[in-house]
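Hi everyone, thanks for coming. Please have a look at the structure on the screen, and then we'll walk through it together.

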Amino acid sequence: MKKGFTVLEMILVLSVITVIVLLTVPNIAQKKKVINDVGCKGLIQVVNAQILIYELDGKKAVDIQQLVDEGLINENQKTCPDGTKIIIQDGQAVIQQ
C-alpha cells in the first residue's frame with residue numbers, strides 16, 4: 001500500500017489554510033493604521049520634550065528646523081511614520097493640517 005495524501009485530504013488542508021489567511025490579512029492591514037497613529041503620537045511627545053529642553057536654554061522654538069539644527073531631533077523625526085509633517089505651533093508640536 002502506498003503512503004501519501006489523497007486528493008480529498010489535500011483539498012481539505014488547503015481550504016483550512018485559505019480560511020486562516022483570509023481571516024488574518026484584513027486584521028494585519030487594520031493594525032498598521034493603529035501602529036502609525038500611535039507612532040505619530042509618540043513622536044509628537046518626543047518633539048515636545050525637545051522643545052522644552054530648547055526653551056530651558058533661554059531660546060524660543062518657532063520652527064522644527066531649529067531643533068534639527070541644535071541636534072535635539074534628527075531629520076527623520078520631522079515627519080510621522082505615515083508621512084504627515086510635524087510643525088511647531090504656539091510652542092507645541094502638532095501635525096500639519
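Let's begin with sulfur. Searching the whole structure, which is a predicted model, turns up 1 disulfide. The partners are Cys40 and Cys80, with sulfur atoms 1.8 Å apart. Where do Cys40 and Cys80 lie? Cys40 is in helix H1, while Cys80 is in the loop between helix H2 (64-69) and strand E1 (86-89), so this pair ties together parts that are 40 residues apart in sequence. The torsion about the S-S bond is about 50°, so we call the disulfide right-handed. And are these cysteines buried or exposed? Both Cys40 and Cys80 are buried.

Now for charges. Side chains of opposite charge can pair when their charged atoms come close. Here we count 3 salt bridges.

One of them joins Lys33 and Asp37, at 3.2 Å from N to O. Both residues sit in helix H1, 4 residues apart, which is about one turn of the helix. Lys33 counts as exposed because its relative accessibility is 55%, whereas Asp37, at 34%, is partly exposed.

Another salt bridge links Glu70 with Lys59, at 3.4 Å. Glu70 is in the loop between H2 and E1 and Lys59 in the loop between H1 and H2, so the pair ties together parts 11 residues apart in sequence. Then there is Lys78 with Glu75, at 3.4 Å from N to O.

Val13, Leu14, Ile17, Val21 and Val25 make a nonpolar patch of about 420 Å². Among them, Val21 lies in helix H1, residues 7-56, and it is partly exposed, at 42% relative accessibility.

Technical notes:
Residues are numbered from 1 along each chain as its sequence is written. This is a predicted model: local features need pLDDT of at least 70, side-chain atom pairs count only at pLDDT 80 or more; totals for chains, interfaces and linings use all residues. Side-chain values use heavy atoms; hydrogens and water are left out. Patches are made of residues with over 30% relative accessible area and no salt bridge: like charges are joined within 9 Å, nonpolar side chains (Val, Leu, Ile, Met, Phe, Trp, Tyr) within 5 Å. Accessible areas come from the Shrake-Rupley method with a 1.4 Å probe; for residues, only the protein chains shown count as cover. A salt bridge is a side-chain nitrogen of Lys or Arg within 4 Å of a carboxyl oxygen of Asp or Glu. Helices (H or I, at least four residues) and strands (E, at least two) are DSSP runs, numbered from the N terminus. Buried means under 20% relative accessible area, exposed over 50%, partly exposed in between (1.4 Å probe, protein chains only). A disulfide is a pair of cysteine sulfur atoms within 2.5 Å.
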